[in-house]
Each structure stands twice: as C-alpha cells, then as structure tokens.
Amino acid sequence: MDKKLLSAKQRVLRAVVIFLICVVTVIYLIPLFFVIHTSFKPWDLIKEYPPKILFRPTVASYIRIFTARTPLPPGVELSEEKVASMKWYERLVYKDTNEEVVRKGDLPRRYLNSIIIVIGSTVITIVIGTLAAYGFSRGKMRGKDDWLFFILTTRMLPPVVVVIPVFLMFRSLSLTDTHIGLILLYTAFNVSFAVWVMKGFIDEIPIEYEEAALVDGYTRFQVFMKVVIPQATTGIAATAVFCFIFAWNEYAFAFLLSRKTAQTVPAWLPYQMGVLGYDWGAAAAGTFVFLLPAMVFTIILRKHLVRGITFGAIRK
Amino acid sequence: MGKNVDENPGVALEKHYRGVRDKTLMRVFILPTLILLIAINVFPLIWSLFLSFTDYSAKMANVWGKNPAWVSSQNFADVLTNPEMWEKFITTAKYVIMTVAGEMILGFGLALLLQLDFKGRGLITTLLVLPMTMSPVIVGLMWKLFYDPNWGMFNFLLGLGRVDWIQDPARNLYSIVIADIWMWTPFVMLLSLAGLGAVPKYLYEAAEIDRASWWFKFTRITLPMVSPILMLALIFRIIEAFKIFDLPMGITGRGAMAPPLLAMHLYNVSFVTWKTSYGSAIGYIMLIMVLAITLVLVKYLNRAKQ
C-alpha cells in the first residue's frame, strides 16, 4: 500500500507496531548479547553483581579457553624481563588472572574434531543424498512414495531410542570414539533430510534438458553430472549448509559415542563448564566461538530456511 | 509426480546404456542411501526391539540365555506399572504443553506483527531466527550462565532477587521451558510468516470492499488459510519437545536435581544404571507414543487442508 494513502491514525498505528517489533527484537537478543558481553569482560568484573554494562573489552577469556595454564601463587610476580619476553597473549592472561600459559588447551583439538566430522559427513551426505534424490525424482519404481516415507521416518525417531543399539553396535565394531564412526552416524542422520529437500529442488528442474541430452547420446550418468548437477547447485549448496548446521549442533550421539579422540565441541563444552566452574568468562567465550559458524550460516541461508526446516514441505 | 514422468515422450529414457537398463541405474542411485539407513537406523531398531523383551545389561559379558535372557513383556509391564515412570510421563507432558503453547502463541503473534512491510524487516526476521539454528545443548549452557543466581543477568533484569533457577526442583522445569520457548518461537514464526504470505491478497481486498472488521478478516480469512501450516508447525514442535534431551542437559545436567523428563530418564537407565533392556522398553514406548501423536495430528492436518 502506498504510504501517502495512509490516514493519520494508520500512520500512528504503523509506528507503534514498528516500535513494538524493535523492542521485542532487542529483548529477544538479550541472552545472546549477555554471553558475548560476558566473554569480553575482564576477569575482575565477571562476577560483579549487579553486572557492569560498560567496561574496556578484553580477549583474555578467549585466550583462556584456548590454552591450558597454571595459576601463579598469590603474591608471586614474574620479573620484568620475563614479562617483556612473553608473547602478547601470555602477557594478557598474566595481567588478567595471574596465570602462566603452559600449552595449547583442549578446545582447538575439539574444534578440529567437529570440523573434520561435520565436513566429512556433509560431503558424504550430499553425494549419496543427491544421487538418491535424483533417483527418486526421475526414476520409475513401484512403491516409490513408500520408500520416501520410510526414509523420512528414520529422521523422526528420537535419537535416544536408537542410541542404545547404536552404542552396542559401535562397541562391537570398535567404532566408539572414532571420527569415522561419528561421520557414518551423522551421515545416516542427515541423509533422509538431504533426500527430501534435494528431491524438491530436482523436481523443479525441467526434465526436457535431460531428455534432449539423452537423445544426443549422453549416458544417464553423464546427464546427471553435466545437466542436472549444474542446475541444482543452489539446492545442493543450501542442503549442504543445513547438513553442516545439523551435524555441527548434534549432541546426544556425540556425548555418548565420543570420549576423547573424536570428541566434538558440543560433547566437550558442557563437561568442561563443570571443570571451569569458576571461569564463566572462558565458558562464555567457548560458547560464542562455537555458535559463530552456525550464526553466519543461518544468515547466508535465510532465504531457504523455511524450506529446510520443513524438509521441503513448504517451498517459498 | 510419478505419472508425469510416465506420460513424457522420453523414449530415450528406456534405452539401454552399456548393458545397464536405465531403471536399474536409478535403483543403483538410491542404493547407498538405503544401505546406510538400514545399517544405522533399521537394524538397531530391530535389535533394541529384541532387547526390550529380554533381561540384558550392556555392562556385563554376553552369555546367551543369561545376558540377554528372554523375559517376554516383563520390561513393558514394569515400565507401565512403575509410579515413578508416571511422574516422568506427566512431567514430559507438562513440558510439551507449556513449550508448544508458548511457542505457537508467541511465534504466530510475532509473525502477525512482522506482516507489516517496513525498512529493516528482513534484518529483524534474520536476527529473530538466530536462536533456532544454534546447538540446543550450547543454548542450554548459555541460559545456565544467564540464570546464574549469583551474577547472571536474568534475575537482575527481571528485578528478582537471587532466585535459583537451576538447582531448585520447584523451578528448574520452568527454566528449561523458558529457554525452549526462546529457542523455538522463531520456528513457528517463520512457518507462520510463510503461511501468511501465501494468503491470496484478493480475499482481503474483497473483505475491504464489504467493510469487514479486522476481527472478521482475522477469523474468517487469515486463520482458516494458515491453519494447515500452523498444524505442521505444531506437529514438528510436539515431536521435538517430547524427546527433548540436549537442552536440559545444558541447563541442569542429568543429576538428581534435574527435572524428571523421559529422554533424560532413558539415558540414566541405559547408561548410568546400565539396565539396557529396561531402557530399550522405555525407548520403544516413547517411539510408539511419538508415532501415535503424529498419526492423530496428521489426520487433523489433512482435515485442515480441506
């Protein structure tokens, strides 16, 4: 509607609604803001109550979550030369909490595990999921809808129900606490989603191109690679980002099936919070570092979100 | 959909390629997915169905006839007659009702507000959607920090004293409910927005000409048109809330003070006290309940679509 056509009453109403939306958004983001805010607080302000809103931000908490340190006994001060020879982040930690950085902490390793497992499972999911989606979209077979429904139901199972036999199976195959074990599990967890969403994308590609290519003597596989894949890139990318987010966030399986070698960040951080106990700054920093990739991807994905969260049921 | 393909004049589709029929090739395309799902989803399900009829503990050595030993439906009878289990069912039901009601009302309300077209609407929608794609367990940790009775900002902002939201069994269910509503309201909001956007404009224009009231337009046009999509959101949310596990793990952990939710209990039974087969029976009962709820709701969904 043209703005000029609005009456004064409508214009006031409009302003009120916009104001309301802004207020709601601000209130809504407070918990997130609070974590980011806490992660940048200097050590001595973190436990202050009522909480201080304004302060000089520091990255000391981030350095603490990435490193292992030993506290210096109270009153002990390092010599000036020693402080001067420290790396910048060592000096920062020393000045903030009077601790000495000993080595790299556990987080980098867990973060790397998360990245390896998530990328591994996403790549496999996309490869076999796109193949299956193409097969379901173009193939003619009896009971196709039943198979598709079967694939969907595997995703609806509560993970806690499947987790007992999966645990037993992994134990007897020695897959517990291995990267490949979690990659397989996350692939199985995501592939049903990928097939449904990708099938939707492939259904939208006109079949005529493929028929023309087949007439021209392409094999079916060549058609798939050279005609279908290039047209499905957006769909593939969106599906991949969704699979990435789902696997990145997964907790129940990772918690039960990884202890150390292949432990991911969501499995590690809650346990670590218990250990950190006193160090809420480091906990907040770890939380933010972990949430960041998913937040960035959500922003990239925003146009496809509805389609993804409904398994392709709603195509906007 | 399948019929369209059949009717296509694609004679080429039926051709043979290097001895492999096209139809066979399509099946080969589907095969890896099916094999994976059967190995990692179907096979475990059958296994746990078997275990639920036995007496088995994963902590002890496998001896056929003793561990697992066949006990027929004993585990199911034990689960359903145990008053402690009923407490878990009731708490979980309370949790589902509170979170889903909160999310549906707030999510739909926000979507109604966001129907207004203004500058920055896209940005605000994106910002509001952020919580939804975060890891539930990490969202739990975030709220744990936020609730902290000594220095967290939750009590401070609401002007409450040092109320303990995490350790106190009278309150911690609500602390999880609030975090769940925070996290999943955007889900309902997004679906509602999609539904509201799909209502044909001419319906409103026609009502405008008839000088219909706002209330009339809302109850006679908007609600009936978006009800299928609201049903869809409801189904998704009920299933997810029913099996909630990671969010409470982040906020309260699974200790003695944690609220008695089903999935958490299942975890404790199976992997802390190692009553594997009893846990499998609980798992199967949960599965049957999820399926029953879904089937009933899908029926309503189909009715709403008509």
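## Domains, a helix pair and a pocket

In this predicted model, the centres of domain 1 of chain A and domain 2 of chain A, taken over C-alpha atoms, are separated by 40 Å. The division of chain A into domains is set out below.

| Domain of chain A | Residues |
|---|---|
| domain 1 | residues 3-37 |
| domain 2 | residues 40-105 |
| domain 3 | residues 108-309 |

Also in chain A, helix α7 (residues 107-138) packs with helix α10 (residues 179-203) at an angle of about 40°, and the axes of the two helices lie 6 Å apart. Because of that angle, α7(A) counts as oblique to α10(A). The crossing in which α7(A) passes α10(A) is right-handed, and the residues of the contact between α7(A) and α10(A) comprise 16 nonpolar, 10 polar and 4 charged.

The largest pocket has a volume of about 2000 Å³. It is lined by 40 residues, of which B:L112, B:Q115, B:L116, B:D117 and B:K201 are the closest to its centre. Both chains take part in the lining of the largest pocket: at least two residues each are supplied by α1 (8-28) and α17 (305-309) of chain A, and likewise by α4 (83-113), α5 (121-129), α8 (172-197), α9 (201-209) and α10 (214-242) of chain B. Within this lining, α5(B) gives the largest share, with 6 residues. When the lining of the largest pocket is sorted by class, 21 residues are nonpolar, 8 are polar and 11 are charged.

Technical notes
Residues numbered from 1 in each chain as written. Chains lettered and ligands numbered in written order. Predicted model: local features only at pLDDT ≥ 70, side-chain atom pairs only at ≥ 80, totals over all residues. Heavy atoms only, no water. Axes fitted to C-alpha atoms, helices over the stretch in contact; angles between N-to-C directions. Helix = DSSP H or I, 4+ residues; strand = E, 2+ residues; numbered from the N terminus. Parallel < 35°, antiparallel > 145°, perpendicular 65-115°, else oblique. Left-handed = near helix turned anticlockwise from the far one by under 90°. Nonpolar A, V, L, I, M, F, W, Y, C, P; charged D, E, K, R; others polar. Domains from an automatic or database assignment. 1 Å grid on protein atoms, 1.4 Å probe; cavity = no way out; pocket = protein on both sides within 12 Å on 5 of 7 lines; lining within 4 Å. Points joined across faces, edges and corners; volume = space filled by probe spheres on them.
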